[in-house]
Amino acid sequence: TRYNYKQQSSKKIKMTPSTGKVKRQLNSDSGEDLEGEVTDIGYDSYATAWRYLGVYDDYDEDESGGRRLKENDGNSNEGSRKLLWAAYYDADYSGEEIGDYQFYANDQWDNSTCTGDRCAKMDCHDIYTSNWKMIGVYKESVNFGNDNWFEQLFKHEGYCLWDGDKEENSDSSNYQFMQTMRKELPSGCTATNVFGDGSTYYYVDIKPQQQGQMTLGVYTDSSCQKESSYYSFYDYQQSSYVASSLTATASSDAFDTWNSNMDSYKICQPCRAYNRQQTYDRRRDRKKRRYLGEENDGQGDEEQNGYNCYDDADYQNCNQCYKFETHTDMQIASSSDLEKASNQGTILLIEYDNVWYGAGTVGDVVQNSSYQSSSSSYYSISSYCFIGGGFLLFFGFALRGFRKVTKRRIELATSEGTKPLSTTSRPLV
């Protein structure tokens, strides 16, 4: 089954696979709920997947070309930092749930989960050869508080992927480190007077970096657009406040560990939380576990092969994409969002509508040699046709007809990414 996507007026229209009837997508940009945007498209939840692209600064430019915070769009967004993630579906899914797939982990493909004959790669991160089809690209506020994107990810799919379920009561586990550091990071541009004699205020906020990584930046303005040339995250770590009040963020390799753990989600992951080891609900009194159906809050049935995730919120095989839809400020990203992130050089490579954005790949993806650098979104092959007249060598006069043939080409905003042919936003659906 394949979807045929169409654009009618200003509304986004999507064809349903079974009936062909149009289903209008909900867009949080207009104050509507995005529940079902990824999880109610006619495919089994085990046939949908997602990947993390990275963080960028979603600022507006003022009339002088300077940066300023975007105008409030009616959502509860804090600050200008946004993250991007993409969702995909597998039209060839055969019904084996997690057993349909092999997973890329520890720098190699692991087929130990395969139970059927198919054993397909979960490789939506392979932007050159994957058979996974894009559903959409979405943006979220970078907010580390409860009931936001990072918190929802960590306590559900992250709990099992980082082996929190196998290291119970271990303060040194990756899961516990990530949860601790999440709670210590600022949500939005936050004032601090930890530098110098404490009489001058600076500001700290997430600083997006290349290939989806991040660190903490120190800024001189309340919009966190002007980075300090004197103080850095290292200086922030050395302050008495961090030393006495924070733990994970105070560690010397804090963001190295954070970014390394977030690399797990730059690799294609199923929307349905899972384990790569057969796991049964041995650690809990089953009376305590939430018995919620998918239609209630993302709870899943037992995985038929035993690859179950019993997460830190007492859910069984929670649908992570459903949690993003219903518990975050998820919005549909536009081409201008991707262009802005691509120009900043901070998101991974992604293709939409024959236009490439971002830089860098993950896993065992090999760059396709046909994607090469250029300085323009177009290149031209000009052919000229002489239609009459005399010709004098070096000083001839001729009447010519020109036919210019243009051919679309990628443009690298950084080392691999591109920007769109137009700055007009269009939905990525």
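The model is predicted, so local features need pLDDT of at least 70 and side-chain atom pairs count only at pLDDT 80 or more, while totals for chains, interfaces and linings use all residues. Residues are numbered from 1 along each chain as its sequence is written, and side-chain values use heavy atoms, with hydrogens and water left out.

Begin by selecting residues 190–192 and 214–219, the edge strands β12 and β14, each of which pairs on one side only, in an open antiparallel sheet ordered β12-β13-β14. Strands (E, at least two residues) and helices (H or I, at least four) are DSSP runs numbered from the N terminus, and two strands pair if DSSP finds at least two bridges between them.

Next select helix α5, residues 254–262, which lies across β13 and β14 and runs at about 135° to β14; axes are lines fitted to C-alpha atoms, for helices over the stretch in contact, with angles from 0 to 180 degrees between N-to-C directions.

Now show Phe150, whose contacts (heavy atoms within 4.5 Å) include Tyr52, Met214, Trp258 and Met262, leaving aside residues up to four places away in sequence.

Finish with α1 (149–161) and α7 (320–327), whose axes come within 10 Å and cross at roughly 150°. The two helices are therefore roughly antiparallel to each other, a term used for angles over 145 degrees. Their contact includes Trp149 and His156 of α1 and Phe324 and His327 of α7.

Terms used. Angles under 35 degrees count as roughly parallel, over 145 as roughly antiparallel, 65 to 115 as roughly perpendicular and the rest as oblique.
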